[in-house]
Each structure stands twice: as structure tokens, then as C-alpha cells.
Amino acid sequence: MSERKVLNKYYPPDFDPAKIPKLKLPKDRQYVVRLMAPFNMRCKTCGEYIYKGKKFNARKETVQNESYLGLPIFRFYIKCTRCLAEITFKTDPENTDYTMEHGATRNFQAEKLLEEEEKRMQKEREEEELNNPMKVLENRTKDSKLEMEVLENLQELKELNQRQANVDFEAMLKQYKELEEEQRRREQEEDEQEMKAMLEQAQNRRLLEDSDSDEEPTKARPNPTAQSKPTDILQEDPQPQSKRPRMESWERSVGKLSTKAQLAGLVARRKEKEKADPALENGMETRGTTASTGSLPAAAAATSSLGLLGAYSDSEDSASD
């Protein structure tokens, strides 16, 4: 079995390459090639823009009777992407570029036209200087003057850069920070003043409220040191209705023990002048009082105290007789 990729071919012994018939092709034969647009162009038929680098399936042919230093010049045929109009351009080996030939106009050729104009002026100047020495001197004077102007402009630019370089950016930043701190400090002072004013206002309001409460009449308080004897409380005058203290429950049921007139109806006085045993008398009065107030269990303590007070008043009356 033979190899799939054959590198060497078999030539028979009687092979004569001169006997191979040559293929006769026309010189203006066209080939289909894949290329990209070499420059920006605009179609003359529809005005469509074709940017540089757009790919086309173009037909290529050799331009007859044109060459540059023995190099052939090729022509390419493409079609507009919008109206399918034919556009042609060819190579320019002299300028290493392409030239538009038919169907479109080349865009953005200002730089190329400027370069061509400079080359043309340089060529004319060289031709003038070749035959006129005075023209050479005049051109040199113009060149020197132009050079001096350029140097002056360069010096001005350098001075401008130096003036800008003298600006201290660190000082500018420091000044800006100081201004920021001053503004922040001023704001803090304003806040503190406002807080102080609010506190003073609240304090004044509180003082006014305290003064109003102090103006109200204060209640008289009894002096405990003024009463020298335990029985002085029974001889005090009754207080007015407005200054009378609150009565307890047992006071409302039994009565208030303040004077002898109130005690006279409750305590029975003994008219006999002979003196009996005080302990027996106290016991009898206590039993009599307890029997008379047996139906009032809530006032038992008050009744016993009344008996004691009655005995004490009897002893004082007998002493005075």
C-alpha cells in the first residue's frame, strides 16, 4: 500500500520536460483575491463610506504598459457594499501607496497633499538656487531669521514653564487645610454658643417655675419644744377649719380628746371624799368602762385611755379642794 503523503514523484527514463505543452493564458487575465480596503473612501454613486480595513473579494489584474523600475502595477476591482457599483484602485510603488482610479473618492488626504506640496516647493527652491547665487543668500537670511524667531518662542515657553514650576503645591495644600480647620473651628464655636444659649434659656425657665412655687403660702408647722407638759395638748384651742389636720378613723367614731368639756360627758366623777385604794379604783373604773363599751370593739384602746385620764383629773380636783 502506497503512502498517503508522497514527497517524491516517479519520473520515467524517457521523460522530456520540453514535450510538456504550455498553457497559453492572456496577459490581462484576472484573478479573484481576498483583500482589505487600503484607505477610507466614499462611493460616488450612493455616497456610502467604506472604511479602511474592510474586506472584499476583489478581482486583480496586471496593468498593461505600466511599471515602475521593472515592478508591475496591479489593478483591483471591488464593489460598493450598498449599491454594488464598481470601484477600482491600483498600486503605486513609487510612493509605497495606492491610488484611487474610478468609482470613489479617497478621504482624509490632507496630510498626503501637504507632503506633496512641501516636496514640490523644495524641488523648485533647489532649481532656483542652482542658477542664482543671490537667491541662495536671500534664502539663508530668511532661514536664519526664522531660526531666531523659533529660539525666542522656545525661550518664552521655558520662562513660562519656570514660572509655573515656582508654584509651591505643598504650600497651597497647607493653606487649604488651614482654611478648612478654621471653618470647622468656627462651626464648632457657633454650635457651642447655640448650646449655651439653649441651656441658659432652660435654666431661666426652671428658675421662674421654682420662684412661682416658692410664692405659694407655706403651712405652719407646730413647734414640739413649745409644749412643756404632757397635758398641754388637752388645753389647746381648736384649729380653724382650713388648718385642721386630718382625723383618724377612731377619732371620727369616739371623738377628739382636746378639752375637759368633752371629757366631762364621758368620765363619771366620784363625789365621796374618802380616799380608797387607787389600784382598786383604777380596776373598777377600767371594768366599768370596758362593760359600757363592750359593743364597740374598734374603740377599746381609746376607752381605756379615757378611764386613765378621768382618774388623773379626779386626783387633781381632790387636791385643789
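Asparagine 65 lies in strand β4, which covers residues 55-68; strands here are DSSP runs of E with at least two residues, numbered from the N terminus. Please bear in mind that this is a predicted model, in which local features need pLDDT of at least 70, side-chain atom pairs count only at pLDDT 80 or more, and totals for chains, interfaces and linings use all residues. Residues are numbered from 1 along each chain as its sequence is written, and side-chain values use heavy atoms, with hydrogens and water left out.

Let me stay with the backbone. The phi of asparagine 65 is near 65°, a positive value in a residue other than glycine. Most residues other than glycine have a negative phi. Asparagine 65 counts as exposed, at 81% relative accessibility; exposed means over 50% relative accessible area, buried under 20%, and partly exposed in between, with a 1.4 Å probe and protein chains only.

Leucine 69 sits in the loop between β4 and β5, the latter spanning 71-79. With 73% relative accessibility, leucine 69 is likewise exposed.

I turn now to the cysteines. How many disulfides does the model contain? The count is zero, where a disulfide is a pair of cysteine sulfur atoms within 2.5 Å. For cysteine 43, the closest cysteine sulfur is that of cysteine 83, at 3.7 Å, which is too far for a bond. Cysteine 43 is buried, at 3% relative accessible area. Cysteine 80 has its closest cysteine sulfur in cysteine 46, and the 3.6 Å between the two sulfurs is also too far for a bond. Cysteine 80 is buried as well, with a relative accessible area of 1%.

Definitions and conventions: Helix = DSSP H or I, 4+ residues; strand = E, 2+ residues; numbered from the N terminus.
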